[in-house]
Amino acid sequence: MLTRILQLHKELDGSIFLFGARQTGKSTILRQQFKEAIYFDLLDSELKSRFSRRPVLLYEALKDKFEGTIVIIDEIPEVPQLLNEVHRLISERGLLFILCGSSARKLKRKGHNTLGGRALPVSLFPLVSAEIPDFDIDRAVQYGMLPTHYLAENPSRHLSAYIDVYLKEEIKEEALVRNLNAFQRFLDVAALSSGEMLNYNNIAQECGVSATTVSSYFDILEDTLIGYRIPSYTKTMKRRLVQAPRFYYFDVGIANHLLHRKELVRGSVDYGHAFEHLVIQELVAWMHYSHSDEKLSYWRTYSGIEVDAIIGDARVAIEIKSVEDVLPRHLKGLKIFGEEYPSSRRIIISLDKINRKVDDIDCLYVYDFFKLLWNEGL
């Protein structure tokens with residue numbers, strides 16, 4: 001049994017919404033960490049049907065429970081009408097709720113009660129390296145970090161089913177887009193854009209829709225936790241900086257499958273892209289789990305000099321290279337960044353096993369960087 005970094009009892013200063021993409025392990029973590037809680041699973045069709053007909057059943061079932069009793073409602077977006085009863089039980093009885101779902105989009109889109117700040121949002125991400133005994137970087141780069149994929153004997157089959165069922169059907173069921181064919185094409189084009197600067201006009205031409213529609217499609221991916229945009233670092237010193245964001249799917253395995261990247265080999269361009277994606281994915285999870293109030297961005301000048309990840313106000317700059325021998329040319333971006341922001345800590349993460357410092361730049365083996373990240377932080 002894997003032990004997750006996210007310990008929800010530490011987050012339970014009042015009620016919470018637990019959000020996370022499909023199959024990140026939300027139901028598993030809830031059952032493991034709250035074995036004594038009252039549990040309602042709305043994927044149970046009979047239970048869903050009864051609560052849909054009479055939401056007040058929830059109040060009747062819980063009105064006599066003691067203050068502080070923990071109640072879990074899994075897949076709350078399936079019966080959002082229950083939120084009015086949840087609101088009443090929090091206010092009148094002092095119960096603590098953990099409300100679980102893949103995103104808040106459905107609740108917000110239909111104007112349902114989101115509890116007016118009485119439940120704080122918490123996110124669960126795919127697995128991170130610190131959660132996996134004998135973590136295998138090559139397996140993670142190829143198949144991603146969703147539990148059912150990383151641990152599976154046949155990850156490719158699971159990935160195919162995931163994309164067909166969850167990415168495409170869920171969007172269709174929620175009626176989030178009118179032109180589903182264009183959106184399915186967009187998913188593939190978005191994968192081609194993974195880790196790259198977004199040009200909405202170019203993507204729009206590929207998909208046969210407007211640039212405004214493309215921007216709304218990216219909003220959907222973010223709202224349903226299927227992907228996220230990393231903004232550019234815009235605090236200029238001397239050099240003119242690029243302003244466009246970069247996009248990443250929430251898990252590198254999803255991007256690999258959409259791009260038909262199979263049997264990734266160290267040293268290849270595709271492996272390098274997937275390696276960078278995985279490290280960004282780990283950084284995003286670490287910043288959320290550590291409750292960092294800093295932002296993650298990237299830095300790129302108009303002359304093409306770039307650094308893959310910037311934490312906060314240039315506090316840490318990180319370059320990601322899948323090379324097994326870090327050479328001076330790999331440090332160019334970090335050196336120039338250091339000229340602009342001399343107080344920054346600069347790190348290059350790679351497959352080079354010899355950790356060392358070169359020109360005030362920390363060269364760290366990816367396994368050691370991940371251990372540093374989760375044990376000490378940055």
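Modeller: Let's start with an open sheet of five strands in the order β2-β3-β4-β1-β5, with parallel pairing. Strands count as paired if DSSP finds at least two bridges between them. Strands here are DSSP runs (E, at least two residues) and helices are too (H or I, at least four residues), numbered from the N terminus.

Biologist: Before we go on, what kind of model is this, and how are residues numbered?
Modeller: It's a predicted model, where local features need pLDDT of at least 70 and side-chain atom pairs count only at pLDDT 80 or more, while totals for chains, interfaces and linings use all residues. Residues are numbered from 1 along each chain as its sequence is written, and side-chain values use heavy atoms, with hydrogens and water left out.

Biologist: How many bridges join β1 to β4?
Modeller: Four, between β1 (residues 15–19) and β4 (residues 96–101), and the two run parallel. F17 sits opposite L99 in β4.

Biologist: And what about β3, is that mostly covered or mostly open?
Modeller: Mostly covered: β3 (residues 70–74) has four of its five residues buried. Buried means under 20% relative accessible area, exposed over 50%, and partly exposed in between, using a 1.4 Å probe and protein chains only. β3 pairs with β2 in the parallel sense over four bridges, with I38 opposite V71. β3 also pairs with β4 over four parallel bridges, and there I70 has L96 as its bridge partner.

Biologist: Where does H149 sit?
Modeller: In helix α8 (residues 147–150). H149 counts as buried because its relative accessibility is 0%. Skipping residues up to four places away in sequence, H149 touches Q23, R139, Y143, P155, H158, L159 and Y162. Contact means heavy atoms within 4.5 Å.

Biologist: Let's switch to the other sheet. What's the strand order there?
Modeller: That open sheet has six strands, β8-β9-β10-β11-β13-β12, with mixed pairing. β8 (296–300) and β12 (356–358) each have a single partner strand, so one side of each is left without a neighbour in the sheet. The twist averages 30° from one strand to the next. Inside it, β10 (residues 316–320) and β11 (residues 345–350) pair in the parallel sense over five bridges, and I320 stands opposite I349.

Biologist: Which strands does α14 lie across?
Modeller: β8, β9 (306–311), β10 and β11, running at about 15° to β9.

Biologist: How does α14 pack with α16?
Modeller: At an angle of about 10°, with the axes 11 Å apart; α16 covers residues 366–375. So α14 and α16 are roughly parallel to each other. The cut-offs are under 35 degrees for roughly parallel, over 145 for roughly antiparallel, 65 to 115 for roughly perpendicular, and oblique for the rest. Among the residues meeting there are F275 and W286 of α14 and F369 and W374 of α16. By class, this contact divides into eleven nonpolar, no polar and one charged. Ala, Val, Leu, Ile, Met, Phe, Trp, Tyr, Cys and Pro count as nonpolar, Asp, Glu, Lys and Arg as charged, and the others, Gly among them, as polar.

Biologist: Last topic, the nonpolar core. Which residues touch the most other members in the largest one?
Modeller: Y249, I318 and L378, out of 89 residues in that core. α14 (residues 269–289) gives the most to this core, with twelve residues. A nonpolar core is a set of buried Ala, Val, Leu, Ile, Met, Phe, Trp, Tyr and Cys residues joined through side-chain atoms within 4.5 Å.

Biologist: What does Y249 contact?
Modeller: Leaving aside neighbours within four places in sequence, the contacts of Y249 include L187, Y228, L258 and H277. There's also a second, separate core of 22 residues, with F40, L82, L89 and L95 among them.

Methods:
Axes fitted to C-alpha atoms, helices over the stretch in contact; angles between N-to-C directions.
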